[in-house]
Amino acid sequence: MRNWWENAVVYQIYPKSFQDSNEDGIGDLQGIIQRLDYVKKLGIDAIWLNPIFISPQIDDGYDVANYDQIDPIFGTEADAEALLVEAHKRGIKVIFDFVMNHTSDQHPWFQEALKGPDNPYRDYYLWQKAADKQELPTNWASFFGGSVWEKEPNGSDYYFHLFAKEMPDLNWENPEVRQAIFAVACYWAEKGIDGWRLDAFIHLEKADFQQQLDLEPGKIGLAEEYYANLPKVHEYMHEFSQKLKAKYPEIFIVGEAASADLSLAQGYTDPAHVECDTVITFRYFPETTSQKDPRLPANFQPAPLDWTAFKEEMQQWQTKLGHERYPTLYWNNHDMARMVSRFGDEEHHRAASQKMLATLMYLQKGIPFLLFGEEIGMKNLLLDEQKLVYDSQEGAFYQNALMDGYSKEATLKMLNQTSKLASRGAMQWNEQAYSGFSTVQPWSGVNVEPIYNAAAQVADRESIFHYYKKLLALKHQRLFQKGKWTYVDFGKSFYSYRRSDSEGQALVICNITNSSHTIEVGFAITQKNVLLANEELNIKNAKTIELPAYGVIVLKQRG
Ligand code: NOJ
């Protein structure tokens with residue numbers, strides 16, 4: 001049996017930023033419904049929505065206070081049902097986001113747990129007493145800064161949180177927790193969702209809390225070895241997915257496995273041990289680190305992609321995972337800056353570099369995950385100081401950089417290029433006030449631009465939008481879904497690969513530089529064998545072709 005998702009192109013919608021329908025500056029479900037025809041026109045098969053459940057929004061919905069109810073900022077349960085109906089009517093599948101590693105501290109389970117050690121929900125979470133002679137049970141740091149331990153407000157125990165302190169981690173060793181989480185998954189599957197994106201699942205198991213990092217007293221550090229990719233994660237995932245797939249065989253499970261390397265990803269997606277159908281790793285994009293300041297965290301210092309390392313990395317993922325599984329193919333998501341600003345040439349070759357990057361990535365073996373707005377060339381949102389500093393991690397970087405002698409302007413520039421908030425700006429629908437996203441100031445801020453808005457892009461046949469349509473139509477051909485992938489080395493200015501099956505071959509050649517280069521392909525290039533190109537090319541029936549800056553050509557070859 002062929003799974004629907006094997007051939008799918010997924011479009012990620014950040015619900016808060018897509019379309020506001022009730023004039024509160026926040027995107028909502030009715031807004032998404034209004035825009036389904038646009039999304040369909042692009043040629044995608046599924047939408048993935050970031051969390052829409054009741055949440056205090058400490059982490060933009062990744063802090064869930066009730067898994068069975070839609071947050072009123074997004075609408076109602078009836079709106080969610082209507083979205084499912086309207087999407088399905090158009091042949092679009094719907095993937096929801098499931099935060100299973102932690103809840104909000106406002107979740108009734110945690111509120112009960114806070115009532116004391118004897119409460120039946122106490123064991124839903126992870127508790128420790130302070131270690132001898134030191135304040136915190138361990139010296140492990142959380143991903144959002146500070147310790148993983150927070151003292152309960154009215155007692156003396158500490159609870160564990162890998163992210164914000166308002167997001168306590170669930171205790172997956174407790175079978176009741178696993179059962180409760182499974183019930184949530186079924187609740188929405190029963191309503192007709194087609195897939196789950198599993199947030200942070202690689203953290204479900206924690207090592208025992210007696211272990212300390214080897215650090216100076218009083219210091220804390222990230223301790224991935226104690227809370228990421230531990231062996232029982234496989235067990236928990238297998239139990240969850242197998243049970244879910246037994247009831248809903250067509251449900252698609254995509255796991256967010258941020259730090260998973262290739263061998264871990266192979267384990268999580270092993271078809272013989274049902275866990276995830278595919279995973280999203282954050283390992284695709286090695287950066288050139290030589291110019292980074294060692295005094296400051298690397299992740300907020302912009303750096304160019306290390307193309308040599310990227311080529312090696314991709315070859316590994318394509319050949320080792322793409323063989324019998326389906327890697328995810330993506331350049332950006334809500335946790336990172338936008339692709340054209342980060343990897344392309346936003347200033348001089350915005351359209352060409354956007355089209356080239358998309359072709360490079362999505363015609364490979366695997367499932368494309370597009371971030372809303374990339375199909376119209378949306379760049380990073382220009383954030384003001386207030387916005388950049390309000391988020392805790394960005395704020396800490398800001399303070400440290402100023403202390404290390406960076407100017408305010410230079411620091412804000414770095415943050416604007418690297419912050420995840422830069423990808424969460426409102427969708428640019430048109431050139432009117434607030435880009436047609438809302439009639440009032442959007443919660444996130446918005447870029448208002450000519451050309452790079454949906455209305456202008458749809459109206460222009462040469463636009464990025466229309467190029468994406470052609471690209472995705474090509475992606476839906478068997479060759480680009482099932483065909484073998486082989487890297488073709490044309491030197492450092494190019495990224496190139498061949499897709500081949502019993503019926504034919506195609507060669508994808510991308511000029512990854514900002515100047516033009518001539519390439520010898522080994523066979524005569526005619527207009528007829530050009531499947532796709534992002535620029536007007538001078539084809540002379542010769543074996544060589546000149547590709548302009550960020551030029552891309554996809555050539556059909558026989559046999
Ligand atoms: C991964 C999500 O993508 C990110 O946005 C969130 O902050 C963390 N998980 C915590 O849920």
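## Ligand site, domains and local backbone features

A polar side-chain atom of His-102 is placed 3.0 Å from an oxygen atom of the ligand, in a model that is predicted.

| Residue | Distance from a polar side-chain atom to a ligand oxygen atom |
|---|---|
| His-102 | 3.0 Å |
| His-334 | 2.8 Å |

The protein is divided into three parts: domain 1, made of the segments 4-104, 175-211, 222-383 and 424-472, domain 2, covering 108-160, and domain 3, covering 484-557. The centres of domain 2 and domain 3, taken over C-alpha atoms, are separated by 57 Å.

Helix 5 spans residues 175-191, and its 17 residues reach 25 Å from the first C-alpha to the last, close to the 24 Å expected at 1.5 Å a residue. At its start, a side-chain oxygen of Asn-174 comes to within 2.8 Å of the backbone nitrogen of Glu-176, while just after the helix Gly-192 adopts a positive phi of about 115°. Among the buried residues of helix 5 are Val-177, Ile-181, Val-184 and Trp-188, and Arg-178, a charged residue, is buried as well. An α-helix has 3.6 residues a turn, so residues three or four places apart point the same way.

Which residues other than glycine take a positive phi? Gln-57, with phi near 65°, is one of them, and Tyr-550, with phi near 55°, is another. Most residues other than glycine have a negative phi. Gln-57 is found in the loop between strand 3 (53-54) and strand 4 (66-70), whereas Tyr-550 lies in the loop between strand 21 (544-547) and strand 22 (552-557). Gln-57 counts as buried because its relative accessibility is 18%, under the 20% limit, and Tyr-550 counts as buried at 9%.

Is Asp-293 buried or exposed? Asp-293 is buried, because its relative accessible area is 11%, and its place is in the loop between strand 13 (278-280) and helix 9 (307-321). The side chain of Asp-293 also makes a polar contact, at 2.7 Å, with the side chain of Arg-295.

Note on methods: Residues numbered from 1 in each chain as written. Predicted model: local features only at pLDDT ≥ 70, side-chain atom pairs only at ≥ 80, totals over all residues. Heavy atoms only, no water. Polar contact = N/O pair within 3.5 Å; in protein donor to acceptor, adjacent residues only side chain to side chain. Domains from an automatic or database assignment. Helix = DSSP H or I, 4+ residues; strand = E, 2+ residues; numbered from the N terminus. Expected span 1.5 Å × (residues − 1). Buried < 20%, exposed > 50% of the residue type's maximum accessible area, 1.4 Å probe, protein only.
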